[in-house]
Structure formats: C-alpha cells, structure tokens
Amino acid sequence: MTLLVDGELREGRSVDVRAGANLWRGQGWFETIAVNGGEAYNVERHLERLRNTLPESVRQDFSLNRTLERLAELVVEDPRTRGSLKVVAWEQSDDLRTAAWLKDYEPPSRETYRRGVPLDVQLRSHPPRWPLADEKRTSYASVMAEREACDGWDVLYCDLDGRVWETGIANVLWLDGGTLHYPPADGHLLGGTVMDATLKAAASLGFTVEACSECWDQLGEFPWITNSLVGMVPVRRIAETSYEVDSPPRRWVELRDELLSDRVFPRWHDRELFDGS
C-alpha cells in the first residue's frame, strides 16, 4: 500500500505505531474523501476543514496547497479507480504529523439508493463523540462498533426525548412541506462538509432551510442521510416508523443533482438507477 506520511510517499501497511501514538489513541483529526475514476471529490473543502480544526499552535504548519499536490500524487500512484481517501493529522512532541492512504470502498448498491436504508435508534444523554462532538477526531472506535452491531444500516443517535442528532457515519436531513430541515448543531454535532454544501445549494435553489429539533418518528415527508462517500441515501425506516421513498420529491432530486454537478460527491451508478426510476 502506498502511504503519504509527512509529505513523503512510501510503501507500507500502516503508519508506524510509535510515530503515530497519539493518532492511534484517538487524539488526531481526520477527513474521508471519495475517489472515483481517479478524481478526489470535494478535496479542498475537506482539507480546509481539517486545517481549521487543528489547534492554533500547529495550524500554520499545515500547508493546504502542498497537501493538495502530494495527495494528487498519491491518487495517481494508486491504481484503484474507486476508493476512500483517508487524511489524518496529529500532534507528536509538539510537531504536526500527517498521513494519507487510499482504501478500497464499495458504495451502496443501486438497490440501496432506490429502496433506501433502515436505521436503528439509540437514545443517549449526550452525542456519541461528546465532548468533542463538533470535531472529526480519530476516536471513532465505539461509534463504528455500535454501527457494526446494529440491525439496521446505521445507528441514528437521538437525545433522551427522541430528538434526532446524527447517525454513526452521516448527517440527517428531511423535507417537509417544501422546507429542508436539519438538526441544530449547537456545538454538539459534526456539521460535515457535505452538510455545509447541501445547505448552501438548497439556499441557492430557493429552498426554505430551517434548523429543527424533531423526533425520529416525525421527520416530515422524506428523510435521508448524507456524507462524502454515500452522497444522499433515502431513509425508508427508522425503528418501527416507515417513510415513503419509492418516488423521491422533485425538489430532492434537484438538490441532489446540484451537489453532483458541483462535484461534492461522486455518482457511483448510472443516472437512471440512481434516480430510482
């Protein structure tokens, strides 16, 4: 496997454990970027968020342009046309360390995009990544373990009153009466580059956009999950509550197509099947 470690390409299986002790302890920061057809999607926005998340003491050591150049070499070096590019940063002895590698990635099937996904519900007193819920840290082990153990496609985390926060790997949005709703972050949720792009695209298309604290069984007419890898996937069931996903609203399709044209995430499948038609 080709790795990019501190700006240098090398062959190896992983980042050296001693050099990356803080990284493996979950004290690093990361971004996941979709790669399809040799193109890394939305890479500048991901790297900007990574840089802005770093402590001020080391933020100046993260060169956006240099990192972009080296990541381009990494993507070209790897023969895979479809994958997920992981970019991580961590502090080690007061220095900023960085690494990146390209992993295999199998996107949701055509049928998943057409039929939507089921979600399990977990009520919690605090968000899953608390107290650093608004930072994309490498301490994701417990969240990923819960996702693997659930009966649904992912776990939907809610507060003790059932109000929606996020899933283990994605943000949640929903349409209701022509208005796009999303859970208020309030410094407790991970906003996400795709979430930011979605809200901006929705505003440009004339959507009414509102932050809304809503229970998992009352997510309007059409809920979906979104992140940089899956794009936008309808939700057909949350616990015992079913949602109609056979015919996505026209406005939802317009929003999705706008994000696709802006290269926010890839079109993994052909247009007709992706549209669910």
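Predicted model: local features only at pLDDT ≥ 70, side-chain atom pairs only at ≥ 80, totals over all residues.

**Entry 1, the open sheet.** I started with an open sheet of six strands, and I read its order as β2-β1-β6-β5-β3-β4, with antiparallel pairing. A reminder to myself: strands of a sheet pair through backbone hydrogen bonds, either parallel or antiparallel.

Which strands stand at the edges? I found β2 (8-11) and β4 (39-40) there, each with a single partner strand, so one side of each has no neighbour in the sheet.

Next I looked at how β4 is held. Two bridges join it to β3 (residues 29-36), and the two strands run antiparallel.

Is E48 buried or partly exposed? Its relative accessible area is 37%, so I logged E48 as partly exposed. I also looked up a distance: the C-alpha atoms of E48 and S63 are separated by 10.0 Å, and the two residues are 15 apart along the chain.

I moved on to the largest nonpolar core, which has 23 residues. Which members touch the most others? They are L156, I225 and I238. At least two residues of this core come from each of β7 (117-123), β8 (154-158), β10 (171-176) and β14 (231-238). The largest share, three residues, is supplied by β14.

I then listed the contacts of I238, leaving aside neighbours within four places in sequence: L119, V121, L156, W216, L219 and Y243. A second, separate core turned up too, with 21 residues, and I noted L175, L199, W252 and V264 among them.

L156 sent me back to the strands. It stands opposite T167 in β9. Three bridges join β8 to β9 (residues 164-167), and these strands run antiparallel. Their hairpin has five residues between the strands, and there G162 takes a positive phi near 90°.

How many aromatic pairs does a search of the whole structure find? I got four. One of them is F222 with W224, which is tilted, at 6.5 Å centre to centre and 40° between the planes. Both F222 and W224 are buried.

Why is the pair of F222 and W252 edge-to-face? The ring planes stand at 65°, and over 60 counts as edge-to-face. The ring centres of F222 and W252 are 5.2 Å apart.

I checked where these two residues sit. F222 is in strand β13 (residues 222-227) and W252 in helix α8 (residues 250-261), so the pair ties together parts that are 30 residues apart in sequence. F222 has a relative accessible area of 1%, and W252 is at 3%, so W252 counts as buried as well. Ring pairs link F222, W224 and W252 into a cluster.

I ended with two arginines. R147 lies over the face of W153, 4.8 Å from the ring centre. R251 has its charged end over the ring of F207, at 4.1 Å from the centre.

Note on methods: Residues numbered from 1 in each chain as written. Heavy atoms only, no water. Core = buried A, V, L, I, M, F, W, Y, C linked by side-chain atoms within 4.5 Å. Buried < 20%, exposed > 50% of the residue type's maximum accessible area, 1.4 Å probe, protein only. Helix = DSSP H or I, 4+ residues; strand = E, 2+ residues; numbered from the N terminus. Contact = heavy atoms within 4.5 Å. Phe/Tyr/Trp six-rings, centres within 6.5 Å; stacked < 30°, edge-to-face > 60°. Lys NZ or Arg CZ within 6 Å of the ring centre and 35° of its normal. Pairing = 2+ DSSP bridges.
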